[in-house]
Amino acid sequence: MRTHKNCTASGLEGVVVAQTDLSEVDGEAGRLIIGDHSIEDLTGHVSFEDVCALLWNGALPSDAARAELQDQLGKARVAAASLLPNISAAVSLPDGMDALRTAVAHLPLLGDVNNAAVVGAAGVFAAAWQRRQQGLAAVPPDPSLPFAADYLRMITGVSPTESQTRGMNAYLVTVSDHGLNASTFAARVTTSTGSDLVSSIVAAICTLKGPLHGGAPGPVLDMLDAIGTPENAAAWIENELRSGRRIMGMGHRIYRVRDPRAAVLERAVSSLEQAGLSSSRLALARAVERVAESALAAKYPDRPLRANVEFYTAVLLDSVGLPRTLFSPTFGVSRSAGWCAHVAEQRAVGKLIRPASRYVGAVQPVVHA
Ligand code: COA
């Protein structure tokens, strides 16, 4: 068995490998800009359609343009739903990210595979997977509804409340794009070889699946459940750290301060709570965050490890009624908007991404018997 003991890895930390005008992540200041607007100005103020327009067309849409995009996304959901009978095995896979990856891979390459087709399909496939998990039939999309409302309706089978839709929109907008994160990088690498949009999105979904990237919000909720009450937080967190396990929802490759998305999502949960949408976990989450932050600061005094986007994602998506197994696929649904934008930008740049590696092995003659 090879040990790879001579190999070290920087994980490309701090290496700039692309220019983009889609989003900017300032890890020191804790600032996120998407399409010229701060995340604080977007979340809670614009819809998922708006942020799609921002990423794909370069500006927030007029009312007419928003209606047109809503219509395109609605038609895309209907088209994707018509594929479901043929991809039954894909949406029956036990893991939601596996199901999303395999279902999206079935999107036809010929014809009108545009950004809306990809995002609409991702929503339909994630919702259909959830229904299948519960032994229920898929709910046909309602193309007249805005994306967030129809996504919730396709999952639960009932029309969401205005508060639930607002919460869903807040989430979808917040995580729609985030600089050159690992899955976006994977999409851009795939595109840079001249590959197609669907293949690039599939590569991105595969990359998002890992717990160090998009797989953390479900485990965050598991952690809150295991802790149960604020008084148990310190002992539980200490035990995790002593056992060498990571605290999910804490730490980030870029942010050295609190992830600004944690703040906007925390506010979104708080406003849902004020609107009467039960979120018994908010107070617990805040207490656990405080304890985890100080325990991590004590263990890693030189590396600030603070709440990332996944921490309050877990509480928000739980509040709007999503089961935790659907958290990561829902992240994929939202981020597919950003992936599509990056694919288009990478195509416009048109340069193969091909970094180098340094060989640290030996060179020895082959001894022939
Ligand atoms: N809990 C405990 N320790 C953590 C930690 C966490 N959440 N995040 C980082 N660390 C520790 C690592 O164990 C490592 O310690 P070591 O040097 O003793 O081995 C050190 O901090 C540096 O971690 P590293 O993995 O090199 O940093 P990174 O920039 O590559 O990691 C994350 C970024 C997000 C992968 C990491 O913070 C993490 O695993 N967080 C938990 C998972 C999560 O929330 N993912 C969602 C990200 S949005």
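Before you start: a residue is called buried when its relative accessible area is under 20%. Keep in mind that this is a predicted model.

**Exercise 1.** Check whether the length of helix α10 fits its number of residues.

*Solution.* Start with the residues: α10 runs over 197–208, which is 12 residues. At 1.5 Å a residue, the helix should span 16 Å. Now look at the end C-alpha atoms: they are 16 Å apart, so expectation and model agree.

**Exercise 2.** Find out which residues of α10 are buried, and what they pack against.

*Solution.* Go along the helix and pick out L197, V198, S200, I201, V202, A203, A204, I205 and L208, which are buried. That makes 9 of the 12 residues, so α10 is largely enclosed by the rest of the structure. Next, look for the neighbours: the buried residues pack against α5 (96–105), α6 (115–133), α9 (182–192) and α16 (327–349).

**Exercise 3.** Work out which residue caps the N-terminal end of α10.

*Solution.* Go to D196. One of its side-chain oxygens lies 3.1 Å from the backbone nitrogen of V198, and D196 caps the helix there.

**Exercise 4.** Describe the largest cavity and its lining.

*Solution.* First, search the whole structure: 1 cavity of 30 Å³ or more turns up. The largest cavity holds about 30 Å³ of space. Then list its lining: L84, V124, A127, A128, A138, V139 and M154. Sorted by class, that gives 7 nonpolar residues, with no polar and no charged ones. Finally, α6 supplies the largest share of this lining, 3 residues.

Notes
Residues are numbered from 1 along each chain as its sequence is written. This is a predicted model: local features need pLDDT of at least 70, side-chain atom pairs count only at pLDDT 80 or more; totals for chains, interfaces and linings use all residues. Side-chain values use heavy atoms; hydrogens and water are left out. Helices (H or I, at least four residues) and strands (E, at least two) are DSSP runs, numbered from the N terminus. The expected span of a helix is 1.5 Å times one less than its number of residues. Buried means under 20% relative accessible area, exposed over 50%, partly exposed in between (1.4 Å probe, protein chains only). Contact means heavy atoms within 4.5 Å. A polar contact is a pair of N or O atoms within 3.5 Å; within protein, one must be able to donate a hydrogen and the other to accept it, and residues adjacent in sequence count only if both atoms are side-chain atoms. On a 1 Å grid over the protein atoms alone, a cavity is a set of points where a 1.4 Å probe fits but cannot get out, and a pocket is an open set with protein on both sides within 12 Å along at least five of seven lines; lining residues have an atom within 4 Å of a point. Grid points are joined across faces, edges and corners, and a volume is the space filled by probe spheres set on the points. Ala, Val, Leu, Ile, Met, Phe, Trp, Tyr, Cys and Pro count as nonpolar, Asp, Glu, Lys and Arg as charged, and the others, Gly among them, as polar.
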